[in-house]
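Student: Could we go through this model in questions and answers? I have the sequence and the coordinates open.

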Amino acid sequence: MLRRLFVKDLILNGKVFLGLLWLFVWVGYAARDLNGAGMATVIGGIAATLVTVTLGAREERFHAAAVSFSLPVTRRDIVRHRYLAGHLVGIAAFLLTCTLLAVVPWSKPTLAQVFDPKTMMFALVAVSLTIAVGMPFVLRFGVMGLFVGLGSLQILGLLTFVLGLAVGRTVGLRPVLRACERIIITTHENLGSGGFAVELLLAVALFTWASYGLSVWLIERRDL
Amino acid sequence: MTSDYAIEVTGLRKRFKGFALNDVTFNLPRGFIGGLIGPNGAGKTTIIKTIMNLVRADAGAVRIFGLDHRAHEVEVKSRIGFVYDVPGFWGDMSLNAHRRALGPFYPRWNDEVFDRLASEFALPLTKPFKALSHGMQTKFALAMALSHDADLLIMDEPTAGLDPLFRRELLQRLSALLQDAGKSVLFSTHITSDLSRIADFITLIRHGEVAFSLPKDELLDQWAVARGDAAMLSRIDPAILRGSRRRAFGVEALVSDVAALRHGLGPEVVIDKPSLDDVMVLMTGEDAHAA
């Protein structure tokens, strides 16, 4: 059943996946200047995952969700497929980006940099977290909800900035960004230690499992 | 588990803002065509969507061929051909792509049948779905629904937007389906003339409730429309009065027992067989006064 769902999404959303080719063209083109090979490959994986997570948006746009939900599959199967497909597509995109960086003659990153086991594990974590956070949100609020959520964060940031100016105390975003950067770098570095890697992967797997349960709960209560 | 019924709907309830299905109960025996009629907004589409588990009921049960439609969702849906009120497929993808993507979900999907229907309906298989007119989109939805040897066809307003010629052809095709024993059809429509031709059972939905669910022949043989002056209404037994409305010439009343009606009224009252249109208008029209 999951295979049929995967083939269905591949056929009916082929154009969307083809759109990802631009990402690879860019990676291929920019390979000569890329310093952070890891960043490019992980972003490739996340972008492809996001595309898969938001496939439901195409169904909504064409009012085709009723077709998917009237097929002889359970709603749980549909969610399971979306989680699996998200991981598969994300990891495939990551590996494709790695391969591109490895084979393009003008590529600046070395093979060791491209096929760094820590980065590979980091990509898996990033892909899983993108799905685990994005899927329930998209299922509950739709892709418009995702845009509204991001827009709201922008407005919140602006309001905070204006408020800071008004009270004469600027709220710097830089420390927050630095903290995020530190978390990412520390996580990436610590993935070299076996114990930390196992703990992180277990935590991400648990979080993804909880997200899957929430998505099933949401979709089983959705009226079309 | 076998059942004599293709569809059994029992005590269905669903509440939305400003609208509710209340205790909807009706059955469709195997091998028959059932029609859901009612004005726009009565709840026909919600009932059909609930049967298809596209809408989750607050209470009640739906059994298809004796199986709970949620507990046995995969088995049940693989035996149903479904046509939507607004056919929604992936607009930028070709009809052929849809066939390749959706056909394999059905164990009895038959490409030859689909090709034959596509040819009969003159469907342009290489064109994207959104390039089709509404009528052609409905034809495509029908071709998909009829290509997997479904035991039960559920169609929501399938004839809306179709030209009269194709409407007639569709109705003939549905009748022909029943020659294959065991096939059943449930379809909703507000074009009651379609149901007059082919339906075996009629269920009238009014304000989210089942006003009646009867065999069509019983309805048309035993029910009647009486036309007379305003005083006529007071002479009709309220137990058989199902609806009435004022007209320029007097009053029209719908009754559910023509024999009792004849017994109680004089020759000045005109009694006619009702059409399904009469039944729907008199029981659901804004100026209708149900007993």
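Predicted model: local features only at pLDDT ≥ 70, side-chain atom pairs only at ≥ 80, totals over all residues.

Tutor: Residues are numbered from 1 along each chain as its sequence is written, and chains are lettered from A and ligands numbered from 1 in the order in which they are written.

Student: How many helices and strands does chain A have?

Tutor: Helices (H or I, at least four residues) and strands (E, at least two) are DSSP runs, numbered from the N terminus. Read along the sequence, chain A follows the pattern α-α-α-α-α-α-α-α-α-α-α. The count for chain A is 11 helices and zero strands.

Student: What percentage of the residues of chain A count as buried?

Tutor: A residue is buried if 20 or more other C-beta atoms lie within 10 Å of its own, exposed if 12 or fewer, and partly exposed in between, with C-beta atoms placed from the backbone. The C-alpha atoms of chain A fill a box of roughly 55 × 50 × 35 Å along the principal axes. Of the 224 residues in chain A, the buried share is 33%.

Student: Which element gives the most to the side of chain A that touches chain B?

Tutor: Two residues are in contact if their C-beta atoms, placed from the backbone, lie within 7 Å. The contact takes 21 residues from chain A and 25 residues from chain B. In chain A, α1 (2-12) and α6 (65-70) each supply at least two residues of that side. With five residues, the element that gives the most is α1(A).

Student: How does that side of chain A divide by class?

Tutor: Ala, Val, Leu, Ile, Met, Phe, Trp, Tyr, Cys and Pro count as nonpolar, Asp, Glu, Lys and Arg as charged, and the others, Gly among them, as polar. The side of chain A that touches chain B therefore divides under this scheme into 12 nonpolar, three polar and six charged residues.

Student: What covers the buried residues of α3(B)?

Tutor: Six of the eight residues of helix α3 (residues 95-102) of chain B are buried, so this helix is largely enclosed by the rest of the structure. The buried ones are B:Leu95, B:Ala97, B:His98, B:Arg99, B:Ala101 and B:Leu102. Their cover includes α4 (111-120) and α5 (134-146) of chain B, together with α1 of chain A.

Student: What is the order of the open sheet of six strands in chain B?

Tutor: Two strands pair if DSSP finds at least two bridges between them. Strand β6 (residues 80-83) is joined to β7(B) by four bridges and runs parallel to it, and β7(B) pairs with strand β8 (residues 184-189) in the parallel sense over five bridges. Strand β3 (residues 33-37) and β8(B) are also parallel, with five bridges. The pairing in the sheet is mixed, and the order is β6-β7-β8-β3-β9-β10.

Student: Which strands stand at the edges?

Tutor: An edge strand here has a single partner strand, so one side of it is left without a neighbour in the sheet. The strands at the edges are β6 and β10 (209-215) of chain B.

Student: Which residues of β7(B) are buried on each side?

Tutor: Five of the five residues of strand β7 (residues 152-156) of chain B are buried, so the strand is largely enclosed by the rest of the structure. B:Ile154 stands opposite B:Phe82, and the bridge partner of B:Asp156 in β8(B) is B:Ser188. Both faces are covered, with B:Leu152, B:Ile154 and B:Asp156 on one side and B:Leu153 and B:Met155 on the other.

Student: Where is B:Asn53, and what is its phi?

Tutor: Most residues other than glycine have a negative phi. B:Asn53 counts as buried because it has 21 C-beta neighbours inside 10 Å. B:Asn53 lies in the loop between α1 (44-51) and β4 (59-64) of chain B, and its phi is positive, near 60 degrees.

Student: Is B:Phe65 buried or exposed, and what is its phi?

Tutor: B:Phe65 is found in the loop between β4 and β5 (67-68) of chain B. With 23 other C-beta atoms within 10 Å, B:Phe65 is buried. B:Phe65 is not a glycine, yet its phi is positive, at about 50 degrees.

Student: How far apart are the centres of domain 1 and domain 2 of chain B?

Tutor: Domain bounds come from an automatic or database domain assignment, which gives domain 1 (5-218) and domain 2 (223-284) for chain B. In the contact, 10 residues of domain 1 meet seven residues of domain 2. Taken over C-alpha atoms, the centres are separated by 33 Å.
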